[in-house]
Structures are given as C-alpha cells and as structure tokens.
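Here is a short note for a colleague who is opening this model for the first time. Please keep the sequence and the 3D view side by side while reading.

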Amino acid sequence: MNNIQKAILSGMICNMIVWYELTLFGVLTDTIINVFFPSEDHYLSTLKFLGVFAIGFAFRPIGAVIFGYMGDKYGRRKTLLTSVILISISSTIMGIIPGYKEIGLLSPVLLVFCRIVQGITAGGETSINTAFTIEHSKDKKNLGFLGSMKPFSGALGTLLCITMIFICKRVTGENYEIWGWKLLFYFCFFLGTIGFLTRYILKESLAYKTNKYANNLAHSPLLELVRNYKRPLIISINLGIAQNAIVYAAIMFYNISIKELVILSISVKDLMRIVIQVVFAASAVLFAILSDKVGRKRVMIPVLIMLSLIGTCVLPLLSSVNHYVVIITYLLITIPVGASFGMYGSIICELFPTKVRCIGVSLANNISAGIFGGLSPSICMWLIEKTETKLAAGIYLTACALISLISVLQIKAKDRKVDW
C-alpha cells in the first residue's frame with residue numbers, strides 16, 4: 001500500500017470516527033434528555049439539550065483557528081494525531097459521566113465540557129483531514145475524488161452509528177435505556193485507537209514537506225490569511241452556505257414530518273436514514289470524479305442552480321401530510337446536496353496555498369457550517385412563524401443557494417493554488 005492509499009484509508013477511518021460520534025449525540029436525544037436533563041417539563045428539557053447540542057457547533061470556529069494554526073505552523077500529521085485523541089476521549093467520557101440523579105448539576109456541566117472539547121476538535125479535524133488527504137496527491141489529477149472522501153466517509157460513520165445502535169439494542173434488550181446506550185460511547189475509545197494508529201504510520205503530506213523545505217511557510221498563518229487571502233476566505237465561506245443551510249433545514253423538517261411510520265415491521269424513518277446516507281455518499285463521490293474530468297466549476301454551477309430552484313419549494317413538500325411525498329422529496333434533494341458536499345472540499349483546498357491552507361479551509365468550512373448550517377432550522381422556523389407561510393423560509397434557502405452560486409462564479413483560473 002503506497003502513501004496516498006494509506007492517506008485515503010486513514011482519512012476515511014478518522015472522519016468516520018468524527019461522524020459516528022457527532023451522529024451518536026444527535027440520535028440519542030431522548031436518552032440524553034432523560035439521563036442529564038430530567039424534568040416534568042419535557043419542552044424545557046428539550047431546550048436544554050438543544051442548547052448543549054448547539055454549543056458543539058458554536059465552538060467549531062474556535063477549533064478551526066486553533067487546529068488550523070497548528071496544522072499550518074507545526075504540520076498536519078501532528079495536529080491530526082492530537083485531534084483524533086481529544087475527540088475520542090471526550091466522546092468516551094460522555095458514556096462514563098453519571099446521570100443527573102446521581103451527581104446533580106455536575107452531570108450536565110461535565111456533558112457541556114465534553115461537547116465543547118468535541119466541538120473544538122471537530123472544528124479542526126474534519127477540514128484539516130481533507131487538506132491532509134488531498135496534499136498527498138502527486139499528479140494532482142484526482143483532487144476532487146480525494147476531497148469527496150470526507151462526505152463519503154462521513155456517511156459511512158453515520159451508517160456505523162445506526163448499525164451499532166441496532167446491535168446494542170438487540171444485545172442489551174431492556175437494559176439499553178439503563179446502561180446499554182453507554183456502550184455506544186465506550187466504542188468511541190476503540191475507534192479512536194484505530195484512528196490514531198492508522199494516522200501514526202503515515203508520513204507528513206507532500207505539500208507541507210515541499211513548502212517546509214523551500215522555507216515557504218508563514219510565520220503566523222492567521223495573520224497571513226487575514227492580510228493576503230481575504231478574498232478566497234470569503235468565497236469559501238459563501239460557497240458552503242447553500243449546502244449547509246438546505247441540508248440542516250431539510251433534516252429538521254423531515255424529522256418533524258415523519259414520526260413513527262412502520263411498514264411490515266420495518267421503521268421507514270430508520271430505513272430512509274440508511275438509504276439517504278448511501279445516496280449522499282454515492283452522489284458526493286460520483287460528482288467529484290466528474291469534476292476531475294471536466295472541471296470543478298462546470299459541475300458545481302448546475303448543482304447550485306438546481307439547489308436554488310428547489311430551495312423555495314422544498315420545505316412545503318417536506319411538510320406534506322403525505323409521507324411518500326416527504327420521503328421522495330428528501331431522497332431527491334440528497335443528490336444535489338451530496339454533489340455539493342463532494343466537490344466543496346477540493347474547491348476550497350485549491351483556493352489556499354499550503355502555508356495557510358489548514359486555517360483557511362477550517363475557518364471557511366466551520367463558519368458556513370456552524371453559523372449558516374447551525375442557525376438555518378431556527379431561521380426557517382422564525383420566518384414561518386412571522387409570515388405564517390413556508391414560502392418565506394423557502395425564499396431564504398433559495399437566497400442562500402444564490403449566494404453560493406455567485407461565489408463559485410467569482411473563482412478564476414488564477415485563483416487555483418496547487419503549490420506542490
């Protein structure tokens with residue numbers, strides 16, 4: 001196995017770990033509420049959970065600055081070894097923390113601390129991992145494919161999470177709600193160990209070594225980014241707005257519309273989660289490979305046009321009383337969303353030189369995901385409440401898609417900085 005194959009494998013495993021752990025916290029909503037936020041007022045308990053969930057997103061831009069700086073200053077490999085350890089330990093501890101009934105207020109406080117550490121490390125890990133994988137390419141003809149390994153492996157991580165939950169429920173039976181769910185968090189330590197070992201045997205990326213030996217690294221990556229690379233940073237942030245705003249809004253409306261739908265003893269909601277991840281992963285890889293053949297812009301532009309056209313009507317369709325309309329709509333929008341995510345990593349990695357690539361990519365990705373993705377469901381709900389129509393929220397999503405479309409149109413051939 002050559003170094004590029006090792007980089008792909010390691011990147012996939014470590015990104016699977018991150019998405020397994022992030023998905024786990026979201027899927028176990030009811031269990032976490034009962035253990036850490038017990039209350040007779042379920043609405044209040046849910047709000048507390050959502051607040052803790054949002055904290056992870058809020059700290060991701062901070063993690064982007066910290067780990068992005070480390071990645072550009074001290075090397076990608078060392079930085080990523082640190083991040084995979086921290087995110088795995090913080091996730092494992094979530095399963096060890098005693099519940100509110102045992103230690104009172106200290107229980108949710110410790111949970112919040114773990115979410116902060118998880119958010120900070122995820123802010124650096126996911127983006128730098130993409131740059132690290134891409135920078136191993138020698139001929140630089142497959143950067144789209146390499147960049148698509150992030151959303152592809154992210155989908156695999158989500159599927160792993162769903163599979164492990166199913167196994168734990170079957171194995172622990174009635175004890176699942178008591179202690180069985182904790183095994184899912186303990187599994188994070190095992191995954192983290194594998195991730196650390198696969199990354200430990202890797203060499204530093206070709207791009208970083210080339211620029212390091214040429215003394216072409218910034219003394220202060222953050223200052224260098226702010227002074228000389230504001231334009232690519234703004235383009236990269238805006239480019240990620242469409243996919244993040246639409247996907248998080250769609251997930252929320254899908255979950256609200258589809259409660260418990262069982263056909264032939266099969267949970268349609270759980271089955272669709274699996275199908276959606278498969279479609280998302282396939283779309284990400286296939287469109288990224290196509291972008292390697294014909295050019296990133298030529299593929300990204302029609303994808304964003306499609307997202308802008310469906311943005312206005314997607315929420316009314318996802319709110320339909322007909323479950324089949326909701327399911328088909330959710331399935332269809334996954335294709336352009338997956339395509340957008342599949343190309344995003346390679347596009348923004350190409351906009352930054354090696355000396356500021358980690359901090360540039362990390363900041364752009366986490367600002368667009370953390371702010372526009374994290375706030376999108378709340379903004380949509382607020383617009384619907386104020387205007388009493390889902391059309392207003394749809395127009396907002398279309399506006400987000402148009403911002404991304406305008407951004408990709410600003411990218412010129414001279415903006416491509418593949419400097420190794």
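This is a predicted model: local features need pLDDT of at least 70, side-chain atom pairs count only at pLDDT 80 or more; totals for chains, interfaces and linings use all residues.

1. The nonpolar patch. Start on the surface. Eight names to select are Ile-85, Ile-89, Ile-93, Ile-96, Ile-178, Trp-179, Leu-183 and Tyr-186, which form a nonpolar patch there. Together they have about 710 Å² of accessible area. The most comes from α5, with 4 residues.

2. Trp-179 within the patch. This tryptophan, Trp-179, is one of the patch residues. Its place is in helix α10. Is Trp-179 exposed or only partly exposed? Its relative accessibility is 40%, so Trp-179 counts as partly exposed. The cut-off for exposed is over 50%, and buried means under 20%.

3. The cavity. How many cavities of 30 Å³ or more does a search of the whole structure find? The search finds 1. The largest cavity holds about 60 Å³ of space.

4. What the cavity lining is made of. To display the lining of the largest cavity, select Gly-11, Met-12, Asn-15, Thr-126, Asn-129, Thr-130, Thr-133, Leu-146, Met-149, Lys-150 and Ser-153. By class, this lining has 7 polar residues, 3 nonpolar and 1 charged.

5. The second largest pocket. Its volume is about 310 Å³. There are 16 lining residues. Nearest the centre of the pocket lie Gly-295, Arg-296, Lys-297, Glu-350 and Arg-416. Helices α16 (268-294), α17 and α18 each supply at least two residues of the lining. Which of the elements gives the most to this lining? That is α18, with 3 residues. The classes in the lining of this pocket are 9 charged, 5 nonpolar and 2 polar.

6. Val-321. Look next at the loop between α17 (296-318) and α18 (323-351), where Val-321 lies. Val-321 counts as exposed because its relative accessibility is 82%.

7. Two backbone angles to check. Most residues other than glycine have a negative phi. Lys-140 is not a glycine, yet it has a positive phi of about 60°. Glu-388 also has a positive phi of about 60°, and Glu-388 is not a glycine. Please inspect both in the viewer.

8. Where those two residues sit. Lys-140 lies in the loop between α7 and α8 (143-147). Glu-388 lies in the loop between α19 (354-387) and α20 (390-409).

Key
Residues are numbered from 1 along each chain as its sequence is written. Side-chain values use heavy atoms; hydrogens and water are left out. Patches are made of residues with over 30% relative accessible area and no salt bridge: like charges are joined within 9 Å, nonpolar side chains (Val, Leu, Ile, Met, Phe, Trp, Tyr) within 5 Å. Accessible areas come from the Shrake-Rupley method with a 1.4 Å probe; for residues, only the protein chains shown count as cover. A salt bridge is a side-chain nitrogen of Lys or Arg within 4 Å of a carboxyl oxygen of Asp or Glu. Buried means under 20% relative accessible area, exposed over 50%, partly exposed in between (1.4 Å probe, protein chains only). On a 1 Å grid over the protein atoms alone, a cavity is a set of points where a 1.4 Å probe fits but cannot get out, and a pocket is an open set with protein on both sides within 12 Å along at least five of seven lines; lining residues have an atom within 4 Å of a point. Grid points are joined across faces, edges and corners, and a volume is the space filled by probe spheres set on the points. Ala, Val, Leu, Ile, Met, Phe, Trp, Tyr, Cys and Pro count as nonpolar, Asp, Glu, Lys and Arg as charged, and the others, Gly among them, as polar.
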